[in-house]
Amino acid sequence: MQIVTLSLKKPNKIPIEADNVNPDNFAGKTEGEIKAIPVWYGNGQCPLGDFFNVSVEGSDSAENTKIVFKGDVSRVKRIGQNMSAGEIEINGNVDMHCGFGMKGGKIVINGDADSWLGCEMMGGEIVLNGNASYYVGSGYRGESCGMRGGKITVNGNTRDYVGEHMCGGEIIVKGNVGLLPAISNNGGKIVIEGNATMPASEMKSGTVIIKGEVSDLLPSYKEEGTEEVEGVIYRKFTGDVNVGGKGVLLIK
Amino acid sequence: MSEMLIKNANVCDPVQGINCETMDICIRDGKIVESVSGSAKIIDAEGRLTMAGGFDGHTHSAGKINVGRFMNPNDARKNLVPGLSGQVARTEKTRAQVGYNTPNTYAIGYRYAKLGYTTICEAAIPLLAARHTHEEFKEIPILDKMGLSLFGSNWQVMEYIRDKEPEKLAAYVSWGLRASRGYGVKIVNPGGGEAWGWGKNVSGLYDPVPNFDVTPAEILMGLAEANERLQLPHSVHVHCNNLGKPGNYATTIETMKLFEKINPSRDRQALHVTHVQFNAYAGTSWRDFETGAPMVADYVNGADHMTFDLGQVIFGPAVTMTADGPVEYANARMLHEKWSNQDIELEDASGVVPLFYSPKSFVNAVQWAIGLELALLVKDPWKVMFTTDSPNGGSFVNYPEAFTYLMSAKRREEVISGFSKMAIDRMVLPGIDRELDFYELAVMTRGIQSKMYSMPEKGNLKVGSDADIAIYDILPGQIDPSTEYAKVKKAFSGAAYTLKDGEVVVKDGEIEATPKGKVYWVNAKVPANIDIAMQKDIDVKFRKYYTVSKSNYMVEDTYLQKPVEIATEGVF
Ligand SMILES: [Zn+2]
């Protein structure tokens with residue numbers, strides 16, 4: 001097991017783009033080597049050690065590497081981008097694009113996450129013990145396929161466009177979501193335990209379950225009886241007929 | 001005075017009939033000259049293939065491409081042709097670059113120059129939106145630029161044709177070119193842009209345009225006569241009716257035939273038909289869709305009044321952008337894709353739709369084959385301009401890849417082997433063994449452009465021509481493009497040298513300098529009395545219909561960087 005602990009020397013205003021900060025890139029490296037890894041800071045690159053205190057215990061493969069952020073990193077973006085194994089634990093708030101394109105491993109965030117959490121994620125797991133901002137598990141701007149695999153669990157609320165253009169994988173939100181969850185999605189499963197507004201517009205396929213209140217259900221859904229999931233009976237809707245969709249929307 | 005001597009160049013210059021002969025090229029003050037003094041700077045080409053700078057005679061690189069950019073922010077990160085696409089950080093010599101099909105303006109300049117290209121012609125300038133095109137031209141470094149202005153669904157044009165006022169029509173075309181600082185007359189799906197304003201299209205050459213009582217055939221003939229009356233350097237440049245529809249090859253041939261009676265006023269073609277790949281489809285539906293290239297090529301082989309370009313398809317993502325509004329609507333519906341639709345007031349329509357050409361789709365595979373069939377079945381390369389209608393058929397950064405298809409039957413077989421039997425049954429390409437040589441390739445990428453645009457100083461290495469020169473890392477006698485196509489592709493992907501007006505802008509595939517290019521436009525003289533009468537008519541249009549006033553409409557000279565005015569004398 002290798003444990004790498006990072007803590008910011010002082011809070012940064014200009015964002016740090018930590019797209020190199022993942023277990024794949026840290027595994028087997030010494031403190032000095034990790035400190036030397038370049039990260040973007042504004043329009044230039046600087047070594048990670050300029051911003052973070054770094055301590056390393058042990059040396060191991062990516063699967064057995066855990067990165068622990070102590071404290072708030074709310075101006076550090078792209079933590080865990082493209083990671084394929086290992087674990088990242090963030091004990092504070094985190095900036096945008098955390099877990100972008102993640103392929104495997106696990107990220108646990110004990111705080112809030114800014115927008116684009118798990119954007120274009122392909123595998124692995126993200127657990128957010130706080131609230132998320134916009135576009136959880138969505139696609140890159142303009143792309144037609146967002147999250148493709150893996151699982152995101154949000155134990156708080158999220159803002160708008162959860163699972164936008166999602167094509168696979170699973171998102172569970174324990175709290176409420178904002179506008180237009182599951183917009184334009186084409187596969188995958190979204191479970192919202194709280195409330196949602198205008199869900200699943202332009203959904204082509206996939207499943208959306210909403211356990212709380214639904215506001216402004218779109219008229220472009222067909223009601224087709226009921227369906228039971230884990231002992232609970234839901235009203236079943238299919239659509240979005242506007243795009244010839246065969247998605248399933250289950251609401252109370 | 002700056003002088004340069006390129007020694008030991010293996011020159012391939014079809015305009016002069018030079019086919020891979022080793023010689024020296026002398027340059028003084030940006031022009032090719034007879035001889036230079038002993039103090040000239042020397043580049044030793046070491047026997048490498050040397051051509052005039054490439055000339056893309058039909059590309060969408062300024063104007064509508066910007067709609068493509070904002071519809072496809074994801075294009076910015078696409079890097080399908082490393083070195084010529086994707087995100088590239090700023091360097092001391094170059095600005096930051098992004099994109100693949102819709103790169104930023106700087107990237108367009110750098111990447112064309114890397115391919116050894118030095119001139120581009122933007123294929124569609126709506127008069128009303130011409131300022132924007134010129135704003136983008138200004139920010140495309142290195143290249144010389146020009147553009148074709150859209151006239152094919154213009155109210156004033158259709159009215160003058162209906163009312164049989166050919167002189168006023170010519171005056172209007174002259175004014176439109178001046179207003180847009182355009183180089184030539186583009187006609188897109190004649191009449192269709194206006195019909196699209198009513199949610200309709202025209203179905204062929206004799207289908208009248210709603211409310212105007214003129215047919216596409218009359219629009220084509222009227223504009224062609226005006227074009228020749230004004231003695232414009234280029235012929236009309238036509239995107240035929242029924243583009244993208246199975247069976248459209250018949251309309252295409254009919255359109256070509258129509259122009260047999262047009263007498264060109266200059267030593268050039270009477271008609272240029274563009275991206276014929278999209279207009280050479282046989283069959284009656286997408287089920288029985290098949291190539292119509294043999295029929296089109298047959299006609300072209302027997303005709304001597306016209307030229308055409310390919311619109312070759314490149315597999316992968318592309319972005320279609322055209323003034324053919326109804327076609328883009330059909331594309332968006334059929335492909336369930338993003339759709340942009342624009343009404344250009346009294347002038348035309350336009351649309352943008354991204355798409356993906358897959359070798360697994362039999363339709364896309366046949367489209368890919370049709371472009372190559374056209375290039376290879378038409379015997380005379382002087383009738384064929386190479387294009388991908390970038391980025392409609394694919395991004396221009398794929399030209400080197402496409403050159404290997406033209407030069408190697410083996411390379412084509414490799415691609416064809418991935419097609420379904422159904423696709424192969426619908427094309428004739430597998431039976432074609434013709435392979436182009438460097439000379440024929442130079443005709444299609446340089447020589448024909450020089451002739452069809454009447455630009456004697458472009459596309460060739462004659463004494464007096466612009467010193468726009470590309471040297472590629474190829475030793476013509478020592479390479480067999482038919483088997484060594486990987487080498488050919490590599491060499492064309494990054495010129496050993498590209499010179500623009502005698503300045504080295506690319507060396508070993510990297511940008512060396514980024515001078516500003518010229519912008520060519522045509523000013524055709526019209527008798528004052530006819531011009532005044534025409535202005536009265538368009539004043540009414542501006543007063544009654546346009547959202548802008550005439551004084552705000554004209555592109556002024558301050559909009560143009562290094563403008564070059566080509567004057568012609570109208571015959572009235
Ligand atoms: Zn075009």
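This is a predicted model: local features need pLDDT of at least 70, side-chain atom pairs count only at pLDDT 80 or more; totals for chains, interfaces and linings use all residues.
Hi everyone, and thanks for coming. A word on confidence to begin with. The predictor gives the complex an ipTM of 0.87 and a pTM of 0.95. For chain B, the mean pLDDT is 97, and 100% of its residues reach 70 or more.

B:Ser390 and B:Pro391 are joined by a cis peptide bond, with omega about -5°. B:Pro391 belongs to the loop between E18 and H12 of chain B.

Now for the strands around E18. E14(B) and E18(B) run parallel and are joined by two bridges. B:Asp309 has B:Met385 in E18(B) as its bridge partner. Strand E11 of chain B, residues 271–273, also runs parallel to E14(B), with three bridges between them. There, B:His272 stands opposite B:Thr307. In a regular strand, side chains alternate between the two faces of the sheet. In E14 of chain B, residues 306–309, B:Met306 and B:Phe308 point one way and B:Thr307 and B:Asp309 the other, and all are buried.

B:Phe308 brings us to the nonpolar core. The largest one has 165 residues, and B:Val173, B:Phe259, B:Phe308, B:Trp368 and B:Phe492 touch the most other members. Which helix gives the most to this core? That is helix H11 of chain B, residues 362–377, with 11 residues. Another core, of 56 residues, lies apart from the largest one, and A:Ile34, A:Cys46, A:Ile171 and A:Ala200 are among its members.

Before we leave chain B, there is an open sheet of three strands, in the order E15-E17-E16, with antiparallel pairing. Its edge strands are E15 (316–322) and E16 (340–344), each pairing on one side only. On average, neighbouring strands of this sheet are turned by 15° against each other, direction ignored. Seven bridges join E15(B) to E17(B), residues 348–357. One pair to find there is B:Thr322 with its bridge partner B:Gly351. Lying across E15 and E17 is helix H10 of chain B, residues 325–335, at about 35° to E17(B).

Over to chain A. Here, an open sheet of four strands runs in the order E4-E3-E2-E7, with mixed pairing. Strands E4 (44–47) and E7 (76–77) of chain A are at the edges with a single partner strand each, so one side of each has no neighbour in the sheet. E3(A), residues 38–41, pairs with E4(A) in the antiparallel sense over four bridges, and A:Trp40 has A:Gln45 as its bridge partner in E4(A).

Next is A:Lys29, in the loop between helices H1 (23–26) and H2 (31–35) of chain A. Its relative accessibility is 27%, so A:Lys29 counts as partly exposed. Leaving aside neighbours within four places in sequence, A:Lys29 is in contact with A:Gln2, A:Ile34, A:Ile37 and A:Val56.

Last, a few backbone details. In chain A, a cis peptide bond joins A:Gly239 and A:Asp240, with omega about 5°. Which non-glycine residue has a phi near 50°? It is A:Glu230, in the loop between E17 (221–229) and E18 of chain A. With a relative accessible area of 72%, A:Glu230 is exposed. In chain B, B:Asp501 also has a positive phi, near 45°. B:Asp501 lies in the loop between strands E20 (497–500) and E21 (503–507), and at 25% relative accessibility it counts as partly exposed.

That's my tour, thank you!

Note on methods
Residues are numbered from 1 along each chain as its sequence is written. Chains are lettered from A and ligands numbered from 1 in the order in which they are written. Side-chain values use heavy atoms; hydrogens and water are left out. pLDDT is the predictor's confidence in each residue, from 0 to 100. Buried means under 20% relative accessible area, exposed over 50%, partly exposed in between (1.4 Å probe, protein chains only). Two strands pair if DSSP finds at least two bridges between them. Axes are lines fitted to C-alpha atoms, for helices over the stretch in contact, and angles run from 0 to 180 degrees between N-to-C directions. Contact means heavy atoms within 4.5 Å. A nonpolar core is a set of buried Ala, Val, Leu, Ile, Met, Phe, Trp, Tyr and Cys residues joined through side-chain atoms within 4.5 Å.
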